[in-house]
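Here are my notes for your review. Please read them with the structure open.

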Amino acid sequence: MFARSFALPSLSITRRFGFRTYATMFADHCPLVLTPAQLHNLKATTANASDLVVLDASWHMPNSPRKGAEEFLRVHLPAARFLDLDAVATPHPLSLPHMMPDSATFARACAQNGISPRTHVVLYDTHGVFSSPRALYMFRAFGHHRSSLLDGGLPGWQAHGGHTEDGEAPTVHMRAKYPQPELNTSVVKDYSQIVANSARDPAQDPDAFYVLDARAKDRFLGKAPEPRAGMRSGHMPYAVSLPFNAFLETHTVPKHIASKVVRPDGSDGSYTYTRLRSTQGMLSALEGALGPERAKEVLEGKRQVVTSCGSGMTAGILWLGLKLLGVERVGLYDESWMGYAMRPESKVVQGE
């Protein structure tokens with residue numbers, strides 16, 4: 001049973017319009033982010049399984065012993081399915097992981113998970129907020145705007161008294177129909193676009209876009225090694241450091257709850273997770289990285305901004321934060337630092 005402290009908004013709306021209308025009341029523009037209470041309310045008022053599908057989009061760094069698919073079997077949200085971001089991807093000549101899938105691959109993954117174009121898809125991960133923004137970015141890039149992220153992910157759900165399950169995902173008895181969608185290529189940047197932009201000083205060229213690098217500052221500066229062996233550290237010319245955790249805050253599951261719930265990694269002790277900062281907090285971080293004037297350009301749509309990270313995963317956190325700030329002209333460099341640094345011809349800057 002959910003904790004009594006849960007505030008359940010919009011119950012009058014659900015009584016007035018009914019469960020099927022509530023599931024699609026956002027039309028094609030569902031909110032980017034849901035709280036645990038909002039998801040609980042949505043689940044409670046949605047009787048048709050095809051109207052709402054919850055996906056665990058957990059992913060872990062290659063040097064981590066944790067495996068998202070294995071942890072899903074240990075614990076997940078009720079009726080959730082597992083979305084393997086490394087599998088729902090396009091093969092890359094440099095063997096880069098979790099690249100944006102082509103439309104056929106995306107449509108097939110949706111259909112297999114019982115998702116139709118009318119389905120409200122809610123994505124979460126076991127860190128709180130880490131890999132799920134990348135999954136949300138993928139859905140939005142293919143025009144599936146009936147998609148949201150669960151802020152706080154699995155730990156946040158548990159912290160608020162949410163039920164969980166274990167074992168395999170429920171069987172999809174009838175495969176959904178999902179026509180191949182069109183990818184919005186304007187939000188997906190490739191190597192050639194990044195190289196061309198890196199030759200343009202944004203201080204002199206108003207058409208150059210800003211690149212925000214979500215990696216840790218020492219990796220950006222070339223002072224710390226990359227987690228992938230043998231890869232150069234540093235950054236692209238004119239890129240700006242904005243570590244992804246600048247858009248996040250850390251929370252702790254209360255001890256009386258943490259002692260009773262099943263944790264995905266089987267650990268004990270303090271149970272922490274991440275949530276998105278307030279929009280004011282994210283705005284302060286953006287202004288701290290770009291400076292007030294350049295941040296204003298981005299916010300007013302006068303300058304495009306592109307996010308990047310190690311492999312295109314945590315760049316999704318910056319993408320989501322920028323969208324929550326109302327930034328319209330925001331893209332993501334799909335290959336990110338892996339694709340850039342692996343090419344010997346790429347110019348790498350170390351230091352500020």
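The points below cover a sheet, a helix pair and a loop residue.

1. The model is predicted. Keep that in mind for each point that follows.

2. Start with the sheet. Five strands form an open sheet in the order E1-E5-E4-E2-E3, and the pairing is parallel. Strand E1 (33-34) and strand E3 (81-82) are the edge strands. Each of these pairs on one side only.

3. Look next at E2 and strand E4 (residues 120-124). The two run parallel and are joined by five bridges. Within this pairing, Val53 has Val121 of E4 as its bridge partner.

4. A helix covers part of the sheet's strands: H6 (residues 132-141) lies across E2, E4 and strand E5 (147-150). Relative to E5, H6 runs at about 175°.

5. Now the helix pair. Helix H11 (residues 279-290) and helix H12 (residues 292-299) have axes that come within 7 Å and cross at roughly 120°. H11 is therefore oblique to H12. Their crossing is right-handed. On the H11 side, the contact is made by Leu283, Leu286, Glu287, Ala289 and Leu290. H12 contributes Pro292, Arg294, Ala295, Val298 and Leu299. By class, the contact has eight nonpolar residues, two charged and no polar ones.

6. Last, a loop residue. Pro65 sits in the loop between strand E2 (52-56) and helix H4 (68-74). Is Pro65 buried or exposed? Its relative accessibility is 74%, so Pro65 counts as exposed; the cut-off for exposed is over 50%. From Pro65 to Met236 the C-alpha to C-alpha distance is 30 Å, and the two are 171 residues apart in sequence.

Methods: Residues are numbered from 1 along each chain as its sequence is written. This is a predicted model: local features need pLDDT of at least 70, side-chain atom pairs count only at pLDDT 80 or more; totals for chains, interfaces and linings use all residues. Side-chain values use heavy atoms; hydrogens and water are left out. Axes are lines fitted to C-alpha atoms, for helices over the stretch in contact, and angles run from 0 to 180 degrees between N-to-C directions. Helices (H or I, at least four residues) and strands (E, at least two) are DSSP runs, numbered from the N terminus. Angles under 35 degrees count as roughly parallel, over 145 as roughly antiparallel, 65 to 115 as roughly perpendicular and the rest as oblique. A crossing is left-handed if the near helix is turned anticlockwise from the far one by less than a right angle, and right-handed if clockwise. Contact means heavy atoms within 4.5 Å. Ala, Val, Leu, Ile, Met, Phe, Trp, Tyr, Cys and Pro count as nonpolar, Asp, Glu, Lys and Arg as charged, and the others, Gly among them, as polar. Buried means under 20% relative accessible area, exposed over 50%, partly exposed in between (1.4 Å probe, protein chains only). Two strands pair if DSSP finds at least two bridges between them.
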